[in-house]
Amino acid sequence: MTSELKEKQRYRDRLKKLNPAKAIKRSRKHFSEKEYGEKIRTNSSRIGSKIVYYSLLLYYAFKSEDTPKKAKLTIAGALGYLILPVDLIPDFIPVVGFTDDSAVIVYAVYQVISHIDENVKEQARNRVSSLFGESVLGDLEDPAKDSAENPQA
């Protein structure tokens with residue numbers, strides 16, 4: 001097995017051990033709106049439109065006065081994990097660098113999905129459109145619909 005394959009396997013093994021709930025709890029203190037905005041601006045193409053959209057759903061739910069404190073703590077932890085420079089799989093690693101971040105973001109979306117209303121979705125879609133162009137909007141999945149179709153998610 002080549003060293004590159006060994007490295008990929010090592011990251012896959014690390015990802016299997018990721019506990020999103022624990023990662024969120026540990027990462028709350030690292031959340032900063034300014035750093036989150038910078039991370040999205042500078043890495044959106046590497047993160048991908050779906051995870052950027054999901055992270056924006058979290059961000060705008062966090063900003064909403066209607067979102068309860070417990071949900072905001074979950075959101076702060078997930079977005080804090082995203083902006084951490086050092087996490088389970090370093091972000092600078094091509095292809096797999098944001099895999100762990102993606103798992104944490106998706107987990108958090110499904111934890112706070114009841115606080116993601118149409119206003120939050122619209123704000124997130126508008127921001128994704130400004131980052132990636134309107135052509136990606138048709139590819140974005142509504143996590144609430146996905147959750148209703150697949151209650152195991």
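The model is predicted: local features need pLDDT of at least 70, side-chain atom pairs count only at pLDDT 80 or more, and totals for chains, interfaces and linings use all residues. Residues are numbered from 1 along each chain as its sequence is written, and side-chain values use heavy atoms, without hydrogens and water.

**Overall fold.** The protein chain has 8 helices and 0 strands. Helices here are DSSP runs of H or I with at least four residues, strands are E runs of at least two, and numbering starts at the N terminus. Of the contacts with a separation of 6 or more, 73% join residues 24 or more positions apart. Contact means heavy atoms within 4.5 Å. Buried residues (under 20% relative accessible area, 1.4 Å probe, protein chains only) make up 44% of the 153 residues.

**Helices α2 and α5.** Their axes, lines fitted to C-alpha atoms over the stretch in contact, come within 7 Å and cross at roughly 90°. The two helices are therefore roughly perpendicular (65 to 115 degrees). The table lists the residues that meet.

| Helix | Residues | Contact residues |
|---|---|---|
| α2 | 20-27 | A23, I24, S27 |
| α5 | 69-83 | L73, T74, A76, G77, A78, G80, Y81 |

The residues of this contact divide into 6 nonpolar, 4 polar and no charged.

**K121.** This residue lies in helix α7 (residues 118-132). K121 counts as buried because its relative accessibility is 8%. Beyond its neighbours within four places in sequence, K121 contacts Y53, L57, I116, D142 and A144.

Definitions and conventions: Axes are lines fitted to C-alpha atoms, for helices over the stretch in contact, and angles run from 0 to 180 degrees between N-to-C directions. Angles under 35 degrees count as roughly parallel, over 145 as roughly antiparallel, 65 to 115 as roughly perpendicular and the rest as oblique. Ala, Val, Leu, Ile, Met, Phe, Trp, Tyr, Cys and Pro count as nonpolar, Asp, Glu, Lys and Arg as charged, and the others, Gly among them, as polar. Buried means under 20% relative accessible area, exposed over 50%, partly exposed in between (1.4 Å probe, protein chains only).
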